[in-house]
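Me: I have a structure to go through, and I would like to ask about it piece by piece. Could you start with the terms I need?

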Amino acid sequence: MTRVVIDNLSKVYKTRRDRIHALDRISLTIGEGEFVSVVGPSGCGKSTLMSLVSGLEFPTSGEVSLDGVPIRAPITDVGIVFQTDVLLEWRTVLSNVMIQAEMRKLDRATYRARAEELLRTTGLDGFGGKYPHELSGGMRQRASICRALVHDPSLLLMDEPFGALDALTREMMVLELHRLWLATRKSILFITHDIEEAVFLADRVVVMTPRPGRIAEIITPNLPEARDMRIKQIPEFGAAVGRIRTIFEETGILKTI
Amino acid sequence: MVDAPKQPPVAEPSGEPAPAEPARTMPRLPRSAGSLIALALLFVIWELVVRVGNVPAYLLPPPSTVFLRIFSDRDFILYNAGVTMIAVTAGFALSIVVSIPLAAVLAQYAWIEHTVYPLLVASQTIPKVALAPLMVVWFGFGLTPKILITFLICFFPIVVDTLVGFRSLSKEVRWLAKSMGVSRWHMFTQFQVPAALPNIFAGIKVASTLAVVGAVVGEFVAADSGLGYQLIVANGLLDVELSIAILVVLSVLGILVFAVVDVCERLALPWHVSQRHNDLAAGGR
Ligand SMILES: Nc1ncnc2c1ncn2[C@@H]1O[C@H](COP(=O)(O)OP(=O)(O)OP(=O)(O)O)[C@@H](O)[C@H]1O
Ligand SMILES: [Mg+2]
């Protein structure tokens with residue numbers, strides 16, 4: 001079953017001086033339980049795509065629908081990891097995560113246990129009582145990931161969630177996310193600029209080109225379901241990564257030397 | 001409000017390493033110690049200047065006699081300080097109680113802000129001191145005009161800063177809230193208000209230093225007791241000693257109000273950034 005249908009979506013930002021064509025006729029679907037990665041260079045409209053899918057902004061033309069219903073207002077059965085961590089400075093880490101449960105009027109005790117569990121798996125054990133300003137950038141980002149997961153949404157939108165992480169933590173988080181996806185089968189839209197990360201995690205990889213943001217190609221790597229880092233050795237992985245690089249070279253984003 | 005003195009720049013004669021001693025001992029003193037020492041120094045210089053320079057006491061009495069006067073007239077001063085503080089507290093509290101909800105309403109609807117805000121700004125161009133005599137015409141002598149003038153002086157900085165605070169909520173935080181399906185009420189109480197609190201306190205702090213000014217201006221024209229009134233009387237009698245004694249007490253009252261706000265801020269905003277740097281509030285304590 002298809003959950004998200006993005007149909008001929010365009011977005012033009014009008015600023016005082018000019019019009020920025022951020023997205024140009026994007027069509028894409030995200031199936032039930034499907035993991036879709038989006039890769040593209042900076043400024044190609046990835047975050048814009050996410051804001052349209054979440055109903056937080058509205059398209060200039062085209063439409064997004066969720067479970068067959070056109071999106072006309074912000075969707076709420078969703079977990080969003082924004083590109084910046086958007087932690088509330090006045091709440092401790094744990095209560096930043098718990099705000100999901102509070103605002104959605106969910107049972108506090110149940111979700112508190114869940115929140116603490118999430119903080120543990122993301123390596124934030126013992127930081128629940130700290131304020132965001134006491135955390136490193138990578139820790140803040142992990143806290144915001146916990147907040148997007150705590151209420152167990154069926155749809156996850158993640159905008160470069162691992163951008164501020166060091167290579168090792170990043171690998172750990174990628175594996176954690178993969179494990180979570182295998183276990184829960186959420187539909188996930190995952191935005192990144194890391195080609196290998198995109199291929200490793202996804203069923204399908206959407207490759208975008210900039211100005212105006214268009215889909216260059218959608219790649220299906222055909223990797224086995226359950227994955228670990230050894231998968232990077234198999235030919236299909238290399239082929240997918242190679243294909244994406246080629247697209248970027250052809251569109252002039254990567255320079256061949 | 002006395003700024004905590006910055007560490008004196010250590011003069012570095014070329015080639016010679018600067019002595020490390022003072023740099024290491026300075027920060028160990030409590031933050032307010034520097035200001036207190038500076039203040040004490042000021043009094044000492046004042047005392048010396050007056051005594052060495054033989055300044056006649058009817059022009060500028062030395063601080064020692066001013067303090068003696070405060071002590072000997074303590075009942076009189078305490079009573080009048082009490083009267084002034086009632087106006088200060090009431091006017092200041094009123095300004096907080098009115099300004100914050102007003103700013104909250106302005107922040108909710110852009111069109112209200114566009115309509116009302118220019119009027120507020122325009123109202124500030126009227127010198128409030130000049131309003132004081134009118135207040136007497138309208139409300140007679142006594143507490144009411146004093147409270148109203150204090151209120152008028154305190155109210156504007158709180159409205160402006162609070163409004164800035166409510167507006168400071170970032171697009172992303174708004175988005176986060178919407179993705180959780182929050183009600184308008186929760187958007188306000190759980191997001192806008194906490195985000196605005198640092199600005200609200202900044203406005204209240206500015207207002208707190210103005211509150212005593214407001215009450216004294218009120219007492220200049222519209223009272224028969226209170227420190228402002230006694231200041232006018234003392235001036236009329238050319239009692240410079242009492243005038244200065246009252247000024248000293250007034251500034252102590254001002255510092256007191258500021259300190260109370262400062263403590264409240266510390267309790268309410270343990271997370272706030274300025275608490276980590278701690279520069280602004282040091283003088284109030
Ligand atoms: N609110 C806005 N107003 C005007 N222009 C905007 C706005 N948001 C985005 N843009 C423009 O739209 C284009 C796409 O922006 P977007 O944030 O979606 O890029 P991105 O792919 O997420 O980039 P990055 O990888 O750097 O995050 C950019 O050229 C940007 O300048
Ligand atoms: Mg982006």
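Reply: Helices (H or I, at least four residues) and strands (E, at least two) are DSSP runs, numbered from the N terminus. This is a predicted model, in which local features need pLDDT of at least 70 and side-chain atom pairs count only at pLDDT 80 or more, while totals for chains, interfaces and linings use all residues. Residues are numbered from 1 along each chain as its sequence is written, chains are lettered from A and ligands numbered from 1 in the order in which they are written, and side-chain values use heavy atoms, with hydrogens and water left out.

Me: How many helices and strands are in chain B?
Reply: Chain B has 12 helices and zero strands. Read from the N terminus, its elements run α-α-α-α-α-α-α-α-α-α-α-α.

Me: What percentage of the residues in chain B is buried?
Reply: Of the 285 residues in chain B, 41% are buried. Buried means under 20% relative accessible area, exposed means over 50%, and partly exposed lies in between (1.4 Å probe, protein chains only).

Me: Where in chain B is B:Leu78, and is B:Leu78 buried or exposed?
Reply: B:Leu78 lies in helix α4 of chain B, residues 74–108. With a relative accessible area of 61%, B:Leu78 is exposed. The C-alpha atoms of B:Leu78 and B:Gln190 are separated by 43 Å, and the two residues are 112 apart along the chain.

Me: Switching to chain A, what feature does UniProt place there?
Reply: An unreviewed UniProt entry places "domain: ABC transporter" at residues 4–235 of chain A. UniProt positions are given in the numbering used here, feature names are shortened, and annotations may be inferred rather than shown by experiment. Over residues 4–235, chain A is 31% helix and 27% strand, and the end C-alpha atoms are 31 Å apart.

Me: Now ligand 1. Which residues come nearest?
Reply: There are 13 residues around ligand 1, and A:Ser42, A:Lys46, A:Ser47, A:Thr48 and A:Gln83 come nearest. A residue is near a molecule if one of its heavy atoms lies within 4 Å of it. The shell around ligand 1 divides into four nonpolar, seven polar and two charged residues. In this division, Ala, Val, Leu, Ile, Met, Phe, Trp, Tyr, Cys and Pro count as nonpolar, Asp, Glu, Lys and Arg as charged, and the others, Gly among them, as polar.

Me: What are the distances from the oxygen atoms of ligand 1 to the protein?
Reply: An N or O atom in the side chain of A:Ser42 is 2.5 Å from an oxygen atom of ligand 1. On the backbone, a polar atom of A:Cys44 is 3.2 Å from an oxygen atom of ligand 1, and an N or O atom of A:Gly45 lies 3.0 Å from one. The protein covers 69% of the 630 Å² of accessible area that ligand 1 has on its own. Accessible areas come from the Shrake-Rupley method with a 1.4 Å probe; for residues, only the protein chains shown count as cover.

Me: Which element gives the largest share of that shell?
Reply: The largest share, three residues, comes from α1(A). Seven of the eight residues in α1(A) are buried, among them A:Lys46 and A:Thr48. Just after α1(A), A:Gly55 takes a positive phi of about 75°.

Me: And the magnesium ion: which residues coordinate it?
Reply: A:Ser47 (OG) and A:Gln83 (OE1) coordinate the magnesium ion, ligand 2, at 1.9 to 2.1 Å. The pair links distant parts of the chain, 36 residues apart: A:Ser47 is in helix α1 of chain A, and A:Gln83 is in the loop between β6 (79–81) and α2 (93–103) of chain A. Donors are N, O and S atoms within 2.8 Å of the metal (3.2 Å for Na, K and Ca); water is not among the atoms, so sites may look incomplete. A:Ser47 is partly exposed at 29% relative accessible area, and A:Gln83 is partly exposed at 40%.

Me: One last topic. What is the phi of A:Arg25, and what is that of A:Asp67?
Reply: Most residues other than glycine have a negative phi. Phi of A:Arg25 is positive, near 45°, and A:Asp67 has a positive phi of about 50° although it is not a glycine. A:Arg25 lies in strand β2 of chain A and is exposed, with a relative accessible area of 52%. A:Asp67 is found in the loop between β4 (61–66) and β5 (69–70) of chain A and is partly exposed, at 38%.

How values were computed: A polar contact is a pair of N or O atoms within 3.5 Å; within protein, one must be able to donate a hydrogen and the other to accept it, and residues adjacent in sequence count only if both atoms are side-chain atoms.
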